[in-house]
Amino acid sequence: MAEMIIPYPQLQKILERTCELAVIKPRAEEMMEIVEKKLADLFEVAYENAKAERSSTIKMRHIPITKGFKNSLNLFRAVIEDEKVEIEPIRKYVLKKIPGDIPLEEDVVNELPIIAGTLFVLVGRVIKALHPEIKNVYPEHIEEAKKVLDYTL
C-alpha cells in the first residue's frame, strides 16, 4: 500500500469538502497509489518537455496542467488552508517520488504538495462525476477513476 502523504483525518475532511465523499483508510491508500502513479506520469512528461526545450531545470510550464486541473488546484488550495494541512512533510515526501535527472525550479518544488493533493482530489472528483449518488468510496469506484485518469492524465 502507498504511504499517506496527507494525514488520513485531514484527507477525510478534504474529500468530504471537495467531493462530498467518505473514504475509509484502506480506500484512501488505494487512491494514493493512483496519485503516486499520476504524479510520476506528470513529471515524466515535464522531463520530456524540459529536455525538448534543452532546459537545465523543470519549470511549471513543463508540467502538463490543464484548465480543469488548475480549477481543482484552486479548490484544493482553499481547503488545505481551512484544514491547516502541513505542507512541508508533503513536499519532502513528494520530492523523493519525482523521477528524472533534471532539477526542479523553486516554484515547482513549492507547488509539489498542491499538485499531489490536487491529484487526490481529482480521483475523488472523477468518482463523484461517475457516481453522483454515492457517498462512500468502494474499490470498484477507485478502479474506474484510475482508468479515466490513465486515459486523460
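At what angle do H4 and H5 pack, and how far apart are their axes? Keep that in mind while setting up the view.

This is a predicted model, in which local features need pLDDT of at least 70 and side-chain atom pairs count only at pLDDT 80 or more, while totals for chains, interfaces and linings use all residues. Residues are numbered from 1 along each chain as its sequence is written, and side-chain values use heavy atoms, with hydrogens and water left out.

**Stop 1: H4 and H5**

Select helix H4 (87–97) and helix H5 (106–130). Helices here are DSSP runs of H or I with at least four residues, numbered from the N terminus. H4 and H5 pack at an angle of about 95 degrees, with their axes 8 Å apart. Axes are lines fitted to C-alpha atoms, for helices over the stretch in contact, and angles run from 0 to 180 degrees between N-to-C directions. H4 is therefore roughly perpendicular to H5, a label for angles of 65 to 115 degrees.

Now show the side chains of Ile87, Ile90, Arg91, Val94 and Leu95 in H4; they meet residues of H5 including Val109, Leu112 and Ala116.

Next, colour the buried residues of H4: Ile90, Arg91, Tyr93 and Val94. Buried means under 20% relative accessible area (1.4 Å probe, protein chains only). These buried residues pack against H2 and H5.

**Stop 2: Val94 and the core**

Select Val94. Leaving aside neighbours within four places in sequence, Val94 is in contact (heavy atoms within 4.5 Å) with Ile5, Leu39, Leu112 and Ala116. Val94 and Phe43 have the most contacts inside the largest nonpolar core, which has 53 residues. Such a core is a set of buried Ala, Val, Leu, Ile, Met, Phe, Trp, Tyr and Cys residues joined through side-chain atoms within 4.5 Å. H5 gives the largest share of this core, 13 residues.

**Stop 3: Thr57**

Move to the loop between H2 and H3, where Thr57 lies. Is Thr57 buried or exposed? Thr57 counts as buried because its relative accessibility is 17%. Its side chain makes polar contacts with the side chains of Lys59 (3.0 Å) and Glu105 (3.1 Å). A polar contact is a pair of N or O atoms within 3.5 Å; within protein, one must be able to donate a hydrogen and the other to accept it, and residues adjacent in sequence count only if both atoms are side-chain atoms.

**Stop 4: H2 and H6**

Finally, select H2 and H6, which pack at an angle of about 10 degrees with their axes 10 Å apart. Among the residues that meet here are Met31 and Ile34 in H2 and Ile142 and Leu149 in H6.

Terms used
Buried means under 20% relative accessible area, exposed over 50%, partly exposed in between (1.4 Å probe, protein chains only). Helices (H or I, at least four residues) and strands (E, at least two) are DSSP runs, numbered from the N terminus. Angles under 35 degrees count as roughly parallel, over 145 as roughly antiparallel, 65 to 115 as roughly perpendicular and the rest as oblique.
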